[in-house]
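User: Hi, I have just opened this one and would like someone to walk me through it. Could we go step by step?

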Amino acid sequence: MSHLHIPDGVIAPVWFICGYLGMAALLTLAVRQVSREEVASKIPRLGVLSAFMLLAMNIPLGFIPTHLNLTVLAAILLGPWLGVIAVFVVNLLLALVGHGGITVMGLNVLVLSSEALLGYYLFAALRQRVRLELATATATVVALTASLALMIGIVGLTQIDLLWLLQEHQHGQEAETQTAATMAPQIEGDVQESEAEGRHSQHTSLNRFVMLVVPIGMVGIVLEAIAVTLLTSFILKVRPDLIACQDRQTEKGE
Amino acid sequence: MHLADIDYLAFQGNSLWHKASALSKLFFTLVIICVVVISRELPLLLFTLALTLALLVLAGVPLRSFCHLLLYPALFASIFAFSRLGTSWVGAALVLVKSLTAATALILLITTTCIPAIFGCLRLLLPPLIADALLLTYRSFFTLLGQLGSFMTALRLKGGYAPLKIMLNLRSAAGALGVLLIHSLEASERMHRVLVLRGYRPGIIFAGKWYRPTWYDLGPVLGALVVLFGAVLV
């Protein structure tokens with residue numbers, strides 16, 4: 001659920017460049033980690049599960065304006081690092097069809113990768129201690145809540161740039177009608193006033209954003225947790241060997 | 001998402017834009033995205049949007065079937081504009097036009113270019129493992145799409161889907177997805193055996209020619225230059 005639907009051209013270049021750099025670092029790390037495993041055996045599964053994530057997003061859930069993501073499920077079945085690569089692949093395809101801006105793709109990959117990594121490690125930690133259903137549901141809820149918080153944090157961080165964008169636009173228009181000389185005496189007072197106004201409006205607009213996103217996000221988290229739990233318990237009944245944590249434990253046992 | 005329709009259009013289209021290479025169209029898209037990111041001038045952005053929409057029409061893309069792909073980013077842009085810009089209509093219009101322009105450029109790219117050709121260009125930037133994963137995902141998507149379509153039809157026919165019953169929908173969707181997931185994972189195991197048999201190593205899937213410049217490339221390149229010229233003038 002927690003991927004950014006921020007349109008292109010809204011956040012300042014510095015933020016999406018940071019997002020892309022973070023994504024590049026994460027992918028490099030992921031590829032290095034995966035190279036140690038048997039690449040040929042995991043690549044087809046990675047392709048299939050990424051396609052499966054894309055398909056799950058297409059399933060209508062009635063009147064609720066949300067869709068399944070299955071990031072935690074992918075991480076459970078693929079392992080954390082292949083889960084990160086699956087997140088990248090899915091996000092790239094989504095960005096190409098306009099589902100989330102292409103410029104925010106780096107940030108999206110970082111947010112959803114946190115979901116995959118946290119979900120996997122929580123599931124692995126809880127798997128032996130509690131029932132599978134509870135472990136899956138807890139891992140999904142915690143991972144999705146954390147990624148939702150991360151998404152809101154990113155929106156909060158980048159907010160100032162949107163106001164700057166608007167102010168720049170207005171200043172550009174003003175500059176055409178006023179000369180620099182007539183504006184000079186006003187500048188000092190205006191700066192202090194606009195800074196205070198800016199802080200207030202940032203706070204108000206972030207609150208409004210949170211009020212819009214959190215209720216939808218919470219519904220999405222509950223639905224995703226139910227779906228992931230049902231799917232994981234189904235797989236465990238039919239093909240328990242497919243669960244990534246199970247693989248590791250078996251390998252260690254051997 | 002209508003990836004199957006997009007794929008059909010990209011492969012079957014015969015316009016001049018379709019005939020241009022993926023690399024030139026990626027260049028055009030990159031220029032549009034850069035203008036969207038950098039420019040704060042509404043007239044320039046409106047001109048760019050009009051140009052990309054005109055190119056979509058000229059490329060034979062049925063706007064009626066694909067307008068929802070444009071409405072989707074527009075919807076989120078308007079929520080974003082409402083939540084963050086308050087009552088300023090200029091700022092809201094700017095956010096809306098920017099999102100529409102970027103989405104139109106991307107839709108122009110994917111409806112006129114075969115996605116494997118785009119992946120072919122991206123492999124220059126991506127590790128071979130990820131480039132292979134992209135192509136396998138794309139291939140698997142269409143295999144699974146057919147199966148999911150049959151599952152969904154069966155669900156509807158047997159009363160497993162009702163727009164207002166979320167729990168029923170979720171239970172049915174999870175059941176259908178569970179069976180589909182097991183089928184797809186078994187298919188991936190078969191694919192693994194095929195890859196091993198053929199001596200797979202990362203990057204081998206994209207081996208071969210991926211870019212041949214043609215005169216048709218002039219279209220996207222000139223289009224990009226017109227937009228760049230407009231940006232410099234404004």
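User: Before that, what should I know about the model and the numbering?

Analyst: This is a predicted model, in which local features need pLDDT of at least 70, side-chain atom pairs count only at pLDDT 80 or more, and totals for chains, interfaces and linings use all residues. Residues are numbered from 1 along each chain as its sequence is written, while chains are lettered from A and ligands numbered from 1 in the order in which they are written.

User: OK, how many helices and strands does chain A have?

Analyst: Chain A has eight helices and zero strands, where helices (H or I, at least four residues) and strands (E, at least two) are DSSP runs numbered from the N terminus.

User: And how much of chain A is buried?

Analyst: Of its 254 residues, 50% count as buried; a residue is buried if 20 or more other C-beta atoms, placed from the backbone, lie within 10 Å of its own, exposed if 12 or fewer, and partly exposed in between.

User: Which way does α5 of chain A go, mostly covered or mostly open?

Analyst: Helix α5(A) is mostly covered, with 19 of its 23 residues buried. Its end C-alpha atoms are 32 Å apart, which agrees with the 33 Å that its 23 residues should span at 1.5 Å a residue, the expected span being 1.5 Å times one less than the number of residues.

User: Why does Val39(A) count as partly exposed?

Analyst: Val39(A), which lies in helix α2 of chain A, counts as partly exposed because it has 19 C-beta neighbours inside 10 Å.

User: Now the two chains together: how many residues of chain A are in contact with chain B?

Analyst: There are 64 residues of chain A in contact with 65 residues of chain B, contact meaning that the C-beta atoms of two residues, placed from the backbone, lie within 7 Å. The largest share of chain A's side, 15 residues, comes from α2(A).

User: What kinds of residues are on that side?

Analyst: The side of chain A that touches chain B divides into 43 nonpolar, 16 polar and five charged residues. Here Ala, Val, Leu, Ile, Met, Phe, Trp, Tyr, Cys and Pro count as nonpolar, Asp, Glu, Lys and Arg as charged, and the others, Gly among them, as polar.

User: Which residues have the most contacts inside the largest nonpolar core?

Analyst: They are Phe52(A), Ala74(A), Ile85(A), Ala86(A) and Ile130(B), in a core of 138 residues; such a core is a set of buried Ala, Val, Leu, Ile, Met, Phe, Trp, Tyr and Cys residues joined through C-beta atoms within 7 Å. Leaving out residues up to four places away in sequence, Phe52(A) touches Leu70(A), Leu144(B), Leu181(B) and Ser184(B).

User: Switching to chain B, what domains does it have?

Analyst: The domain assignment gives domain 1 (3-121 + 212-233) and domain 2 (127-206), with bounds that come from an automatic or database assignment. The C-alpha centres of these two domains of chain B lie 30 Å apart, and their contact takes six residues from domain 1 and eight residues from domain 2. On the domain 1 side, α7(B) gives the most, with four residues.

User: Last one: what do the buried residues of α3(B) pack against?

Analyst: They pack against α4 (42-58), α6 (89-112), α7 (115-122) and α10 (218-233) of chain B, and among them are Phe28(B), Val31(B), Ile32(B) and Val35(B). Helix α3 itself covers residues 22-38 of chain B.
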